[in-house]
Amino acid sequence: MSEINPNNSAPAEDNGEEKDWAAAKAFFDNLKTNKPRPPKPRYAVTIAVSSRTLFNMVAERKIYEEEGLEKYVAHQVEHENEPLKPGPAFPFVKALMNVNSRLRELYPDSEELFDIVLMTNNHAQVGVRLINSINYYDLTIERFCMTGGKSPTGYLKAYMTNLYLSKDSEKVTEAIEEGIAAATMFMQETDKENQLSDTQLRVAFDGDAVLFSDESEIIVKKHGLDTFFEHEKEFENKPLAQGPLKCFLESLGKLQRKFYAKNERMNCPIRTFLVTARSAASSGARVLKTLRSWGLEIDEALFLAGAPKGPLLQKIKPHIFFDDQMFHIDGAKELGTISAHVPYGIGQKYHKGKLIEQPAKKE
Ligand SMILES: [Mg+2]
């Protein structure tokens, strides 16, 4: 069922949707342009980013909060020829573009590409500055979704979103509850940022409550590590249930295989990492067997046995690192890793192993 048009009385059949896309494509095919076309959501790996994660809009936000909407819009219009500074999702988006250009070289006619959708509840007048900034950095972002303050979840579904990044943890939580991979991003102190690869997209995932459900995390939190080790040993051959980011890893795998099929495994511009606090000997097998049962590969699996994740991530230098626990996010950010929080699972009720009274509601 289409979520975009609530007045649509007839159910949006696949067929009808297919016709709509065909008509839109035919229209654009008649227009001459050297710009790459956005792919169909059905084939694309769609990444929805909010304007405040793609760009640094901290100063602008302050004007909005302290002086109100009118002053904010006036400021944006006045500065619309001044490009916004990059935000936390910017290096990730840039890296996605690099993967796309490699894919286009190998598969000129394929629509299996990353497609970036900009999600914003900004006033339409602010859109001009966003467009100017996107063009200034030469980003291929043709789809804008101006939600006018409404929940973006319906639009995320309509675009068949594979990953949604926002600064707003409530919207992110809502998306996760709807089964969409999503994470909250925070501003990074730029002087601490690591130098990132501009030829390879590097993505790091935590395991429990990120790629996997929080079923084992619940045991750690409620019964301690020893019970957890016993439990994981006992259920070693029972795959863990999937967590909120599993589908995104799956879509990265789909694109990686396109490079492997052209003999580019050694030179693949996408690399994935599992960075888990689990220890290999006592609880690692279940994780690896779960990934195997899903038919998913991860390029590097790092079992830290409780050691801090920050120093290792500093070596990996991912464009984005996903974790469900804020103290891992803080530790990673502290050492310059761009981190995204997945507000899911029992971990939200704890801080450094201690139960907190109220679930953390941020910002
Ligand atoms: Mg975790």
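Tutor: Domain bounds here come from an automatic or database domain assignment. That assignment gives domain 1 (20-186) and domain 2 (201-355). Keep in mind that this is a predicted model: local features need pLDDT of at least 70, side-chain atom pairs count only at pLDDT 80 or more, and totals for chains, interfaces and linings use all residues. Residues are numbered from 1 along each chain as its sequence is written.

Student: How many residues of domain 1 are in contact with domain 2?
Tutor: 24 residues of domain 1 contact 20 residues of domain 2, where contact means that C-beta atoms, placed from the backbone, lie within 7 Å.

Student: And which element gives the most on the domain 1 side?
Tutor: Helix 5, with nine residues. Helices (H or I, at least four residues) and strands (E, at least two) are DSSP runs, numbered from the N terminus.

Student: Switching topic: at what angle do helix 3 and helix 4 pack?
Tutor: About 150 degrees for helix 3 (residues 58-67) and helix 4 (residues 69-78), with the axes 7 Å apart. Axes are lines fitted to C-alpha atoms, for helices over the stretch in contact, and angles run from 0 to 180 degrees between N-to-C directions.

Student: So what do you call that arrangement of helix 3 and helix 4?
Tutor: The angle makes helix 3 roughly antiparallel to helix 4, a label for angles over 145 degrees.

Student: Which residues meet there, in helix 3 and helix 4?
Tutor: From helix 3, Glu 60, Ile 63, Tyr 64 and Glu 67; they meet Leu 69, Lys 71, Tyr 72, His 75 and Gln 76 in helix 4.

Methods
Contact = placed C-beta atoms within 7 Å. Parallel < 35°, antiparallel > 145°, perpendicular 65-115°, else oblique.
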